[in-house]
Structure formats: structure tokens, C-alpha cells
Amino acid sequence: MTTPALLPLSGRRIPPLNLGPPSFPHHRATLRLSEKFILLLILSAFITLCFGAFFFLPDSSKHKRFDLGLEDVLIPHVDAGKGAKNPGVFLIHGPDEHRHREEEERLRNKIRADHEKALEEAKEKLRKSREEIRAEIQTEKNKVVQEMKIKENKPLPPVPVPNLVGISGGDPEDNDIREKREKIKEMMKHAWDNYRTYGWGHNELRPIARKGHSTNIFGSSQMGATIVDALDTLYIMGLHAEFLDGQKWIEDNLDFSVNSEVSVFEVNIRFIGGLLAAYYLSGEEIFKIKAVQLAEKLLPAFNTPTGIPWAMVNLKSGVGRNWGWASAGSSILAEFGTLHMEFVHLSYLTGDLIYYKKVMHIRKLLQKMDRPNGLYPNYLNPRTGRWGQYHTSVGGLGDSFYEYLLKAWLMSDKTDHEARKMYDDAIEAIEKHLIKKSRGGLIFIGEWKNGHLEKKMGHLACFAGGMFALGADGSGTDKAGHYLELGAEIARTCHESYDRTALKLGPESFKFDGAVEAVAVRQAEKYYILRPEVIETYWYLWRFTHDPRYRQWGWEAALAIEKYCRVSGGFSGVKDVYSSTPTHDDVQQSFFLAETLKYLYLLFSGDDLLPLDHWVFNTEAHPLPVLHLANTTLSGNPAVR
Ligand code: DMJ
């Protein structure tokens, strides 16, 4: 789901991130000291008030009953004298009256002494110079930062490491294929090296302006999105020096205590997914620790009346909200429905079920809802729990929700039958209402809008070819072949969308309308921003069929990217794939390194590299291991408390 990535940056610009110690504890420390002053003043005022009240208010303490001795009596105060306003007040007589007076005196003295002490302390503070006060504040800040660091780096409980098969290798025997794989690796190095030189620490790179770039999905901070997203690709390509460089940046700089509003979905798939994959591949604890720290920061997004998370959350304040453009204040299906894989792994690694419970709650809620024609609308209001606009798509806004149902089943070692059933039911409804054949014989996936089908397919929806192929096994004996074929048909249609352009790169979205087939019509749909979905589908189809056409199509795409998107400062998207003289958009998307180049590399590698019965790729192409929980669901597993 990437619509948010395409939205312009909001006009609000926040000054660049201070990469010093986290700002959250500073703020708290500053408040603490100023709070002390305020409290001190309030306390003094309060003590003065009590002191005065003690002498001038009616003696209400006399209402109090003391333990009565024999002589003790409680009698109405009828002799209060003329003008007595309170004839109903009782006085205590007898020996206890004396004790009471002594007690009063003692209290009065104590109050006086406390009052004087507080005033002295206040005067003392006020006598201090600005520098002394500043130094004190700094000391307190440092203390809090230290405490936070100790807390944040607390070791996580050990859990059994999943079976990590095929994290390297895949060397092709064929010379030609080996050369192609080497070429993809060289492209990765070009993208990385330029980001390293011109955009280091920024979220993305502007390869033509040769500077950092970001969008609103990453918030206002430099969180090194490209570094985190690229790590596992670097690792599997054997670019270890680059990997270590990225790891060092993460250790020293990646800080989530920032006043920044980020997309929960994007941060989950790119950062948490990227960090978890880097952890599993390299075994470096730091990645796991960072993933958990970030996940904790996302949890407040779930504080909605329904438990359906907000689209965005401020990492510091925890305040969440939804995209202004989303129908009826809704959250987006592909956003709140694309958390499951990462959150299950977080619970597995931390032993804390909170993450698992959050995503299972979403699933349960969705299961209870009515679905028009069996379809899931893309919009759901997190306050009311009602659907927004009836718009269903397998492209943007819907896509990875379906993907994660299938992958939840695969990742659970095929034990999460509930997820599989939801996937099967959803796909059946999609096939019935959204998948059509064009006049020219191309199978496409349209979009359902308020009761009618739009014959338009987005580049994003092209991932579904791979999904159908991946889900074929497990869909029932009579259907496995059908879904593999359907996947192949989608791959063919998407290849056509590339082949019918001047640059041999696919447009953002294409139509099937009369004579128009697999071609973009509106100018605003003609761009290509280095997206991976078509190549992703080629790779899955290659793995399941070994039909050489997929390698051939993948190579065509790689050559087109090399020819039209490569610039001396990295790789850039193009604005019109139908124009033979491309104009660049000057953005090197982080998913180009995470996904496009990774899928290309895998396409020209042997199947022993990240085999699909041991690894499941999240929607940002970050591989996560299958959790072999011996037929026990996560919540019932002893590894998880
Ligand atoms: C990626 O961030 C993910 O694949 C997401 O699910 C949808 N699209 C972009 C890349 O196009």
C-alpha cells in the first residue's frame, strides 16, 4: 500500500533532527526542575494558608472525638458568649483538653518550621546563578538519559532460534546467469554508494540534486530509511563492508525518541521488517533491540475505540490520527492489515504477547464484520468500527492485507488455518467480482467502487501474480493448478504493461477500455518510480515453474532500469514511460534497494538462497523465518510467556 508515499509532503517543515542524546529525556528533565520551583512556590503558599487557617478559621478540630475517659463528656457549646455564631459546636472538656492543646501547639511548631525551611530552600535556589541552574539541569538530564539507555538496552529473553536455512549462497552454475547476477549486485552498489556519499542518514536520496530526501511517511526526522531497508539485500549479496557500515550507523544514530509523526504501516514494513530480517540474517542483537524499541513506540497507535490503529502516530507523544484524504476518517485496510508478520515475530522474540494480541484483535474484528459481496472495503473507521467508502482493490489501499493473510499461514508453518481460510474466502470473492479477461485476452484485476467495476489495474496490483502462485499450494487439490495459472496470467498482463511503453518500464496504472489494453491513459498515471511488484511476481513464478521467460522478462526490466533510471548519482524514477526521452523524478526510493534489486538478484540466484519453505518475505521483501512451533499457536507456545 503506497498511496501515502505519493502524497506531497505536508507544508510543515520541522528543523533537522539533532542526533545527540534523545530529546525525550531532556524535555522531561527540564520540566522536572522547573516543576520543582513551581511546586515549591505552591507549597509555600499552601503552608502560609494552612498556617493562617490554623489561627483564624473556626476550630473545627474540636469536632473530633477523642477516646473518651470516664470524665470525658461532650457537651453543646452553649456558653460561647454573645455573638457566638455556632451554638451547635461542641467543646471537649476534661484532661484530654490539655493533651489536645499540647498537640495543637506541637503541630503549629512543626508547620512553622516546615514553612521556614521551604522558604529557605526557595531563597537558596533563587540565589543560584543561571549557570549553576543550567548545570543542575544538565546533570539531571544526563541522569535521565543514562537511566533510559540502561532501560532501553535491557537484554531480551533468549528464545529458540528458528531454523535459518540458506542465508547465503545461491551461486548460479550457468555463466550467463552468474554475470547477470553480478550486474544486479553492481547496480545495488551504485545505489548504495551514492546514497552513502550524498544522502547518508537521510531517509532517501535525490540522485540528481545529490542530496537527502524524505516524504511524510517517515515523519520529520532523518531515520536512515534507506539504510534499514537495504541491510538484508546487502547481506545476501555479500556486500559485508557496506552492511557493517549500515549497522554502525544504526548503532550510533537510529533513535526513535523523536517528535515525529510517522506512518505506522510504512515504519512497520520498512523499519521493523528490515531490522528483524537483518537480525535473523546476521544474528546481531542490536537489530532486534532497535526493532523492539520502535515497536513499543508504535503501540499507542492502537489506542482507538475499536483497537484498529491510526494510520499515523507521533513517536514521542503517542498521539495518533488518520490521513486527511481517507474516506470518513477511516484507517486503511492495507495499512492496519499489514502488521501481522512483524508483530508475531516481535512477540516471539520478546516473549511478550502484546504484539500478537494487537494483530489478532484486528483479525477478530474483521471476521465479525459484514462484507459486501464477500469483499473487504479498503476503509474502516477506527472510532465507529464501520466501513467507509465501498472501494475494494488488490492494488493500493488493499493489496498487502490479502498478502499477509496468506503469509500468516505460511509463517506459522501452515498451522494458522484461520488466516488461510480468510485468504481463500477473500480471493474467491475477488476472483468472482474483480478479475476479468480483456477483449484481447489479458486477465486483469479491476477495482470495485460502489457497486461497479473500474477496468483499471495498478502497478501495485501486479504483486498478486506472485501471491496467487505462492498460495496455490494449500488451496485444495482441484485449485492449486488454477491459482498457479492465474498467477502466470497476471504476470503476462503486467509484462504487457511494460512491453507496450517506450521505455519498457511499466506505468503506475493502466486501463482496459475498448481498444485500450494495459496502457495508461491519464498523464498522471504514466510514471514509474522504481517499483518492484512486477519483478516480484516474475521471481515467484520463476521459483514455482522455472519457466525461463520469467528470467528473460526480469532481465528486460533490469536493462530498462539501467538504461533509463540510472544517473551518475544513483537511480531515479521517470515521469513518463511512454516518452523515449525520460524526465527523472529525482528520487531513489528506499524500496528500490529493499525490494526491486533484491528480487532481481534472487531471480538470477539458485533456489537454495532463501528457500520459500523456510522464509516468508514481508511486503517490503524482508525475509522472516518460518516459525516451526510444533503445531502450537504462538500464544500457546512455551517460548512465549
Ligand atoms: C512497498 O513499500 C511495499 O511493497 C508496499 O507493500 C507497497 N509498495 C511499495 C513499493 O511499491
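**View 1. The shell of residues around the ligand.** In this predicted model, the ligand is surrounded by 12 residues, and the closest of them are R531, E533, E595, T619 and E620. By residue class, the shell is made up of 5 nonpolar, 2 polar and 5 charged residues. Two helices, α8 (264-282) and α19 (590-603), each contribute at least two residues to this shell.

**View 2. Glutamate side chains and oxygen atoms of the ligand.** A polar atom in the side chain of E533 lies 2.6 Å from an oxygen atom of the ligand, and an N or O atom in the side chain of E620 is likewise placed 2.6 Å from a ligand oxygen atom. For E595, the distance between a polar side-chain atom and an oxygen atom of the ligand is 3.0 Å. Of the 290 Å² of accessible area that the ligand has on its own, the protein covers 98%.

View 3. Because its relative accessibility is 13%, T619 counts as buried, the cut-off being under 20%. Leaving aside residues up to four places away in sequence, T619 touches F265, I269, T338, S400, E403, Y404 and E595.

**View 4. The side-chain pair T619 and E403.** The side chains of T619 and E403 are joined by a polar contact of 2.9 Å. T619 is also among the residues closest to the ligand.

Methods: Residues are numbered from 1 along each chain as its sequence is written. This is a predicted model: local features need pLDDT of at least 70, side-chain atom pairs count only at pLDDT 80 or more; totals for chains, interfaces and linings use all residues. Side-chain values use heavy atoms; hydrogens and water are left out. A residue is near a molecule or strand if one of its heavy atoms lies within 4 Å of it. A polar contact is a pair of N or O atoms within 3.5 Å; within protein, one must be able to donate a hydrogen and the other to accept it, and residues adjacent in sequence count only if both atoms are side-chain atoms. Accessible areas come from the Shrake-Rupley method with a 1.4 Å probe; for residues, only the protein chains shown count as cover. Helices (H or I, at least four residues) and strands (E, at least two) are DSSP runs, numbered from the N terminus. Ala, Val, Leu, Ile, Met, Phe, Trp, Tyr, Cys and Pro count as nonpolar, Asp, Glu, Lys and Arg as charged, and the others, Gly among them, as polar. Buried means under 20% relative accessible area, exposed over 50%, partly exposed in between (1.4 Å probe, protein chains only). Contact means heavy atoms within 4.5 Å.
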